[in-house]
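User: I would like to go through this model with you. Could we begin with the surface and then turn to the aromatic residues?

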Amino acid sequence: MQLLTCPWCGDREEAEFRYGGQAGVPYPADPRALSDAEWGRYLFVRDNPAGPFAERWVHSAGCRRWFTAVRDTVTHEFLREAP
């Protein structure tokens with residue numbers, strides 16, 4: 001079992017968390033103006049790097065707060081967690 005560090009609750013087992021996708025994806029300024037293709041890209045197309053990657057996680061079995069974690073996608077090691 002892998003441990004994650006919740007910024008509010010401390011170290012907890014990975015099973016207490018849920019993945020929320022890539023961090024830092026800005027919401028469209030005018031979503032109604034997007035074409036179907038543009039809306040599809042916003043919803044489904046994300047980066048997929050090998051190495052450090054900023055992700056959103058929620059402590060679903062604990063404080064239920066969201067935070068950003070940087071995880072190495074090659075080793076699955078969490079490098080840092082922050083609100």
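**Surface and aromatic residues**

Analyst: Leu 43, Phe 44 and Val 45 make a nonpolar surface patch of about 330 Å². Patches consist of residues with over 30% relative accessible area and no salt bridge, with nonpolar side chains (Val, Leu, Ile, Met, Phe, Trp, Tyr) joined within 5 Å and like charges within 9 Å. A salt bridge is a side-chain nitrogen of Lys or Arg within 4 Å of a carboxyl oxygen of Asp or Glu. Accessible areas come from the Shrake-Rupley method with a 1.4 Å probe, and for residues only the protein chains shown count as cover.

User: What kind of model is this, and how are residues numbered?

Analyst: This is a predicted model, in which local features need pLDDT of at least 70 and side-chain atom pairs count only at pLDDT 80 or more, while totals for chains, interfaces and linings use all residues. Residues are numbered from 1 along each chain as its sequence is written, and side-chain values use heavy atoms, with hydrogens and water left out.

User: Where is Val 45 placed?

Analyst: Val 45 lies in the loop between α1 (36–44) and β4 (52–58); helices (H or I, at least four residues) and strands (E, at least two) are DSSP runs, numbered from the N terminus.

User: Is Val 45 buried or exposed?

Analyst: Val 45 counts as exposed because its relative accessibility is 53%; exposed means over 50%, buried under 20%, and partly exposed in between (1.4 Å probe, protein chains only).

User: On to the rings: how many aromatic pairs are there?

Analyst: The count comes to six aromatic pairs. Rings of Phe, Tyr and Trp (its six-membered ring) pair if their centres lie within 6.5 Å; planes under 30 degrees apart count as stacked, over 60 as edge-to-face and the rest as tilted.
One of them is the edge-to-face pair of Tyr 27 and Trp 39, at 6.5 Å centre to centre with 90° between the planes. This pair links distant parts of the chain, with Tyr 27 in the loop between β3 and α1 and Trp 39 twelve residues away in helix α1.

User: Which charged end sits over the ring of Tyr 42?

Analyst: That of Arg 46, 5.6 Å from the ring centre; the rule requires NZ of Lys or CZ of Arg within 6 Å of the ring centre and within 35 degrees of the ring normal.
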